[in-house]
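Subject: Structure handover

Hello,

Here is the structure I promised to pass on. My notes follow below it.

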Amino acid sequence: RGGSWTFDKSDWWLEEHGLIMEKPDFPLPAGKYVVTGGRDVTTVMTVFEDGRWELANGAKLYDVTHLPCRAARYTNGAPGASPFNARLSDFPVKPGAVMPAVEGFAKQDYAVLFVIGLEASMAGGY
């Protein structure tokens with residue numbers, strides 16, 4: 001991205017320490033990804049063209065979530081709503097906990113997992 005991005009006050013992200021973060025590349029393109037949470041389980045996640053996904057070998061999302069990391073997307077701020085409405089006392093967020101609400105915004109929590117490999121046919125195009 002060249003090290004610069006533009007903040008969008010109607011669609012923004014916070015990480016577990018209360019820092020505004022750059023929007024992730026989202027959604028992931030269809031394909032197969034090797035994922036882990038940096039704990040016991042590493043597996044393949046298949047992302048389908050319609051956005052569905054599944055984990056191989058009976059793995060669950062919890063198994064491949066990096067528990068200390070949390071992220072949330074805050075959208076559709078009410079008139080006068082601001083990221084400054086976030087309460088500093090809500091941070092850092094404890095591992096496994098939900099991200100705090102920010103007055104005036106809808107919130108969607110996201111699990112954080114590490115992509116450590118790509119299907120060979122994807123390696124040059126992602």
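The largest nonpolar core has 10 residues: Trp 12, Leu 14, Ala 72, Tyr 74, Ala 86, Phe 91, Val 93, Met 99, Val 102 and Phe 105. A nonpolar core here is a set of buried Ala, Val, Leu, Ile, Met, Phe, Trp, Tyr and Cys residues joined through side-chain atoms within 4.5 Å. Buried means under 20% relative accessible area, exposed over 50%, and partly exposed in between, with a 1.4 Å probe and protein chains only. Strand S1 (11–15) and strand S6 (70–75) each supply at least two residues of this core. A second, separate core has seven residues, among them Val 35, Met 45, Leu 55 and Ala 59.

Some ground rules before the rest. This is a predicted model, in which local features need pLDDT of at least 70 and side-chain atom pairs count only at pLDDT 80 or more, while totals for chains, interfaces and linings use all residues. Residues are numbered from 1 along each chain as its sequence is written, and side-chain values use heavy atoms, with hydrogens and water left out.

Setting aside neighbours within four places in sequence, Val 102 is in contact (heavy atoms within 4.5 Å) with Trp 12, Leu 14, Tyr 74, Ser 82, Asn 85 and Ala 86.

Now S1. Strands are DSSP runs of E, at least two residues long, and are numbered from the N terminus. Five of the five residues in S1 are buried. Asp 11, Trp 13 and Glu 15 lie on one side, with Trp 12 and Leu 14 on the other, and both faces are covered.

What does S1 pair with? Two strands pair if DSSP finds at least two bridges between them. S1 and S6 run antiparallel and are joined by five bridges. Trp 12 stands opposite Tyr 74 in S6, and Glu 15 has Ala 71 as its bridge partner there. S1 also runs antiparallel to strand S2 (residues 20–21), with two bridges. Leu 14 faces Ile 20 across that pairing. The S1–S2 hairpin has four residues between the strands, and Gly 18 takes a positive phi near 85°.

Look at Glu 16, in the loop between S1 and S2. Which side chain of opposite charge is nearest to Glu 16? That is Arg 70, 7.3 Å away. Glu 16 is buried yet has no salt bridge, meaning a side-chain nitrogen of Lys or Arg within 4 Å of a carboxyl oxygen of Asp or Glu. Beyond neighbours within four places in sequence, the contacts of Glu 16 include Pro 68, Cys 69, Phe 91 and Met 99.

S6 is mostly covered, with five of its six residues buried. S6 also pairs with strand S7 (residues 106–111), antiparallel, over six bridges. Thr 75 has Ala 106 in S7 as its bridge partner.

Last, the open sheet. Four strands form it in the order S5-S4-S3-S8, with antiparallel pairing. Strand S5 (53–55) and strand S8 (114–118) are the edges, each pairing on one side only. Strand S4 (residues 42–47) pairs with S5 over three bridges. Met 45 stands opposite Leu 55 in S5, and both belong to the second core.

Best wishes

Technical notes. Lys, Arg positive; Asp, Glu negative; His and termini not counted.
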